[in-house]
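Q: I have a model open and want to learn how to read its features. Can you take me through them one at a time?

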Amino acid sequence: DILNLQVYYPWEFLSSSPCRTVVFPLMTSGVTYWVIKSLQQLDICSSCINSYTLLVSPRLLFTIFSFILDYSVYRLAPFWGADPWKALVLLAGSYVTLVFYTRTFTNTLEGLLFALLMVLVSSKKSSGSSAEPTSSSLIGVITTAGFFNRPTFLAFALMPLLYWASLIVDSQKSIKTLINHFLKLILCACFTAIVFITADTFYFTSVSLDNFYSTNKSSLIDVIAQLHEKMVVTPFNFLSYNLNPHNLALHGSHPRVTHFTVNGVMLFGILHILAIGAGFKMLKKYVHQLMPVRWCYRGPPGLLMHSEGSPTLLLFYFVPLAFLSLFSHQEPRFLIPLILPLVLFSSSPNRAVKWKLLLVLFNLLGALLFGCLHQGGLIPCLFHLEQLIHSPASSSYPRHYTLLFAHTYMPPRSLLNIKKTDMHVEVIDMAGSGEETLCQTVEEQASNFTCSDCHIFIIIPGTVRATITKCGVSFRNETLIFPHLSMEDPPRIPVLSSGNWRSQLGLYILELNRDH
């Protein structure tokens with residue numbers, strides 16, 4: 001929209017079914033694209049817009065934003081009885097911070113908003129006691145913004161909001177002051193929601209602001225009425241879609257315990273396992289306290305009202321995890337906001353951080369796997385193709401390029417840097433198509449190979465390279481991008497131990513031969 005490039009619009013951003021707010025993409029990636037566009041227009045940078053800057057500029061902004069997490073940990077550690085520097089080391093050394101929080105995920109924004117919310121609900125006087133909550137307005141704004149970013153934010157916000165409410169009830173003696181806090185929160189939440197709804201409605205209904213200045217009073221009312229009829233509330237569309245099990249099954253169904261047993265371990269390693277062990281101990285302790293005899297003599301256990309230690313942090317960690325486990329589609333990235341309560345819990349003084357060597361090795365392996373190997377050849381491949389498409393030879397003599405991707409993640413077409421008006425590049429995404437479908441498509445492209453300036457490239461992982469040889473076509477050029485690991489088509493261990501390991505961990509760019 002800003003750079004006038006050809007892109008693939010995901011279904012969530014189509015005007016027929018808008019499930020994602022456009023506000024955050026415009027405020028993050030949109031701002032960086034506007035900056036590089038302005039630099040190029042002002043002749044400060046003649047070639048600012050290229051595949052590298054399109055990728056790196058939003059990531060650079062997210063990397064800067066990621067220090068909100070560091071600030072939050074440093075601010076929260078004294079309140080929750082954690083060692084600030086130990087918590088910061090755990091945070092900075094985690095591959096979740098290094099890989100996920102430097103990339104443009106809505107989950108990353110969700111984690112940052114969750115961190116800010118925890119800072120707002122956790123305040124302390126200089127004397128050490130809990131301060132009277134005074135951030136009602138900001139809490140309302142952040143909760144609503146998080147909800148529009150990802151409706152699952154409510155699962156993360158539930159415990160902080162309950163904790164904040166318990167502090168208010170506990171500290172206020174006047175019912176009038178109590179009501180005032182909640183009214184501030186509700187009013188600011190409503191105002192924030194109106195801002196998001198208005199922005200999304202304008203974007204997805206393509207209503208130009210010029211209409212408001214070029215119409216008379218009666219038509220202005222008509223435009224407002226039309227806006228009201230087409231009002232876009234993206235979180236409700238998101239929830240109505242995701243609450244349908246059939247829709248979730250289209251994206252992959254997982255057992256309900258996947259977050260607990262697989263994704264938590266995959267992201268946080270031994271810290272997740274230790275938290276589960278501590279959670280069972282806490283549960284056993286409070287169940288024991290709920291026994292009738294102890295109830296009479298000790299009273300009911302308070303988890304939220306007066307607890308400022310590990311038990312509450314465990315609730316901040318496990319309650320969102322439990323809510324997210326109710327959905328059948330469970331990806332590891334959904335849990336990345338939970339790194340904050342986990343590192344705070346793991347760095348409390350009475351919990352000495354053990355397993356240091358294991359933590360270091362685990363995070364090195366995670367950073368290598370998810371930050372380098374996993375689908376690692378796709379972006380360099382697009383860099384290579386962008387240079388090829390925009391080479392001086394291609395500029396002098398227009399050529400037509402067909403790029404067929406198979407068994408890779410969806411290629412981000414924007415990195416090819418093709419204007420919307422340019423029709424000389426066609427991208428075909430075969431996803432994980434079977435051998436028969438893939439060969440049929442390749443043969444169809446080969447049979448249509450008629451023009452002298454046509455070039456057909458097939459991009460495929462080395463693990464399924466042999467499939468293409470069965471399609472009855474030959475190739476003029478082969479380019480291997482290393483490394484690239486496809487978990488959907490993993491390399492075979494015996495092959496890795498042979499001399500052919502490099503091709504198994506690579507992504508091939510194959511140019512079809514005209515004389516096949």
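Q: Is Lys-470 buried or exposed?
A: This model is predicted. Lys-470 has a relative accessible area of 55%. The cut-off for exposed is over 50%, so Lys-470 is exposed.

Q: Which residue forms a salt bridge with Lys-470?
A: Look for a side-chain nitrogen of Lys or Arg within 4 Å of a carboxyl oxygen of Asp or Glu. Lys-470 pairs with Glu-435, and the closest N and O atoms are 3.8 Å apart. Lys-470 sits in the loop between helix 24 (465–469) and strand 4 (475–481), while Glu-435 is in helix 23 (residues 435–447), so the pair ties together parts that are 35 residues apart in sequence. Glu-435 is partly exposed, at 40% relative accessibility.

Q: How many salt bridges does the structure hold?
A: It holds 5. One of them joins Arg-150 to Glu-110, with 3.6 Å between the closest N and O atoms. This pair links distant parts of the chain, 40 residues apart. Arg-150 is in the loop between helix 8 (136–149) and helix 9 (153–171), and Glu-110 is in helix 7 (residues 106–121). Arg-150 is buried at 4% relative accessible area. Glu-110 is also buried, at 0%.
A further salt bridge runs from Arg-333 to Glu-331, with the closest N and O atoms 2.9 Å apart. Glu-331 is partly exposed, at 23%.

Q: Which residues form a nonpolar patch on the surface?
A: Leu-158, Leu-162, Phe-323 and Leu-326 do. Together they have about 350 Å² of accessible area. Leu-326 lies in the loop between helix 18 (310–324) and helix 19 (339–346). Leu-326 is exposed, with a relative accessible area of 57%.

Q: Which residues does the "transmembrane region" annotation cover?
A: Take this from the record. The unreviewed UniProt entry gives residues 48–69, 84–102, 147–169, 181–204, 260–283, 303–328, 334–350 and 357–378. Then check the model. Residues 84–102 are 79% helix and 0% strand, with end C-alpha atoms 22 Å apart. Residues 357–378 are 82% helix and 0% strand, with end C-alpha atoms 32 Å apart.

Q: How many cavities of 30 Å³ or more does a search of the whole structure find?
A: Rolling a probe the size of a water molecule over the atoms shows where empty space is left. Here the search finds 1 cavity of that size. The volume of the largest cavity is about 90 Å³.

Q: What lines the largest cavity?
A: The lining includes Leu-90, Ser-94, Phe-268, Leu-342, Phe-362 and Asn-363. Helix 15 (258–268), helix 19 and helix 20 (356–373) each supply at least two lining residues.

Technical notes: Residues are numbered from 1 along each chain as its sequence is written. This is a predicted model: local features need pLDDT of at least 70, side-chain atom pairs count only at pLDDT 80 or more; totals for chains, interfaces and linings use all residues. Side-chain values use heavy atoms; hydrogens and water are left out. Patches are made of residues with over 30% relative accessible area and no salt bridge: like charges are joined within 9 Å, nonpolar side chains (Val, Leu, Ile, Met, Phe, Trp, Tyr) within 5 Å. Accessible areas come from the Shrake-Rupley method with a 1.4 Å probe; for residues, only the protein chains shown count as cover. Helices (H or I, at least four residues) and strands (E, at least two) are DSSP runs, numbered from the N terminus. Buried means under 20% relative accessible area, exposed over 50%, partly exposed in between (1.4 Å probe, protein chains only). UniProt positions are given in the numbering used here, feature names are shortened, and annotations may be inferred rather than shown by experiment. On a 1 Å grid over the protein atoms alone, a cavity is a set of points where a 1.4 Å probe fits but cannot get out, and a pocket is an open set with protein on both sides within 12 Å along at least five of seven lines; lining residues have an atom within 4 Å of a point. Grid points are joined across faces, edges and corners, and a volume is the space filled by probe spheres set on the points.
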